[in-house]
Amino acid sequence: MTGGHEVLRVLADRVSRGSRPGQRQDGYRVALAIEGGGMRGTISAGMALALHESGVAHAFDGVYGASAGAITGAWLLSGTPEHLTGWAEPGYAKAMIRPSNLLRGRPMVDVRNLVEHLYCEVARMDFGAVLANPVEYHPLATDVHTGRSTDLRPYLTGPVELRLALRASAALPFLAGPPVELAGRFYYDAGLAESIPYRTALAQGASHVLVLRSRPAAPGTAARRRARPSYGARLIAATVLRGYPAELHRSYLTRAHRLLHDDAVLARHDQSAPPVSRLPIGGQAQADPAVLSLRPGPGTPRIGRLTRDGESLKAALEAGRAAVDRLLRPLGLLTAG
């Protein structure tokens, strides 16, 4: 990643010009894609928070989020993005991750309690502000009947539907209970079909995508092992997902391979040179899309999907912030407002 990457050039240009969503003049569509991963999403939440603090968030036209990344995206557009620091609060993790629930026959990852209680009564999210934000919000989830990644934006008709979308995007099989119903269809966690939500952004016409990654780069041997379905994944497919269509099983069991493929595709995008020209045709910039990934640095603590330790989560949030600092400081964007 260098300061000469096309994604950074366009972001810097928009910030310097004071460009705002709905008033663009460059013909581009710039998207922010936020990876989740349970509490590992604390890292990408720190990145999103730093984009807000540096004044870059308004340079995007759409925010795409998968699972925990969908929750981060909603906070970023909520009017109180400073509440993204909640990812590092032990109370946040304890509100969602409840091991004792297994003894009561309830989901261990209690996304319903997080969204319907914590975000409604304690750390209140302004759901109306998310829906009204001129930066489009695109939470993703996996349709249980097709096994495909689905953009839930068309169903966000009000705060109730938005909360359902947040829950659907993070509805992990077994850990988070049954799929969530929204607009007559049922959805599981976005990560079953698209854990790094850049492909939907590109399919919907994004010319530039900044991808906030919650996973550090894996060594080659570790990546090859990761491409095989784990024993736990095979067990869940054979039990929890037993009655669902084969398409959902296929998506679930191939997600590790898909992640490895996405890593390779994104690595090539990171190294690609800026296009020679981008000529607006019919009001839209025409060129190959530019995609840049931002990963946590080598000193980032190891965070698991179910990590609840406050010190580790705080360090993870700051590591995400530091990654954005390294990305934007050469561009002189850190003092932009």
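The model is predicted. Four aromatic pairs are counted in it, and one aromatic cluster consists of Trp75, Trp87, Tyr92 and Tyr119. Serine 214, with a relative accessible area of 0%, is buried, and its side chain makes a polar contact with the backbone of glycine 36.

**Aromatic rings**

- Among the four aromatic pairs, tryptophan 75 and tyrosine 119 are arranged edge-to-face, with 5.2 Å centre to centre and 85 degrees between the planes.
- Because tryptophan 75 belongs to helix α3 (residues 68-76) and tyrosine 119 to helix α5 (residues 111-122), this pair ties together parts that are 44 residues apart in sequence.
- Tryptophan 75 and tyrosine 119 are both buried.
- A tilted pair is formed by tryptophan 87 and tyrosine 92, whose ring centres are 4.7 Å apart and whose planes make an angle of 40 degrees.
- Tryptophan 87 has 1% relative accessibility and therefore counts as buried; tyrosine 92, at 6%, is also classed as buried.
- At phenylalanine 127, arginine 163 lies over the face of the ring, 5.2 Å from the ring centre.

**Glutamate 6**

- Glutamate 6 is located in helix α1 (residues 6-17) and is buried, its relative accessible area being 5%.
- The side chain of glutamate 6 is joined to that of arginine 9 by a polar contact of 3.0 Å.
- Between glutamate 6 and valine 209, the C-alpha to C-alpha distance is 9.8 Å, although 203 residues separate them in sequence.

**Serine 214**

- The loop between β7 (208-212) and α9 (220-226) contains serine 214.
- A polar atom of the serine 214 side chain lies 2.5 Å from the backbone oxygen of glycine 36.
- Leaving aside residues up to four places away in sequence, serine 214 touches Glu35, Gly36, Arg40, Gly41, Ile43, Ser44 and Pro296.

- The buried residues of helix α11 (residues 246-253) include Leu248, His249, Ser251 and Tyr252.
- These residues span an arc of only 165 degrees around the axis, so they lie on the same side of α11.
- In an α-helix, residues three or four places apart point the same way because there are 3.6 residues a turn.
- The elements covering the buried residues of α11 include β3 (136-143), β6 (185-188), α10 (231-238) and α12 (255-271).
- Helix α12 has 17 residues; its first and last C-alpha atoms are 24 Å apart, close to the 24 Å expected at 1.5 Å a residue.
- Buried residues in α12 include Ala256, Arg258, Leu259, Asp262, Asp263, Val265, Leu266, His269 and Asp270.

- Serine 67, a residue other than glycine, has a positive phi near 60 degrees.
- Serine 67 occupies the loop between β2 (62-66) and α3 and, at 7% relative accessibility, counts as buried.
- Alanine 183, which is not a glycine either, has a positive phi of about 55 degrees.
- The position of alanine 183 is in the loop between β5 (180-182) and β6, where alanine 183 is exposed, with a relative accessible area of 56%.

Conventions
Residues are numbered from 1 along each chain as its sequence is written. This is a predicted model: local features need pLDDT of at least 70, side-chain atom pairs count only at pLDDT 80 or more; totals for chains, interfaces and linings use all residues. Side-chain values use heavy atoms; hydrogens and water are left out. Rings of Phe, Tyr and Trp (its six-membered ring) pair if their centres lie within 6.5 Å; planes under 30 degrees apart count as stacked, over 60 as edge-to-face and the rest as tilted. Helices (H or I, at least four residues) and strands (E, at least two) are DSSP runs, numbered from the N terminus. Buried means under 20% relative accessible area, exposed over 50%, partly exposed in between (1.4 Å probe, protein chains only). A charge sits over a ring if NZ of Lys or CZ of Arg is within 6 Å of the ring centre and within 35 degrees of the ring normal. A polar contact is a pair of N or O atoms within 3.5 Å; within protein, one must be able to donate a hydrogen and the other to accept it, and residues adjacent in sequence count only if both atoms are side-chain atoms. The arc is that of the directions from the helix axis to the C-beta atoms. Contact means heavy atoms within 4.5 Å. The expected span of a helix is 1.5 Å times one less than its number of residues.
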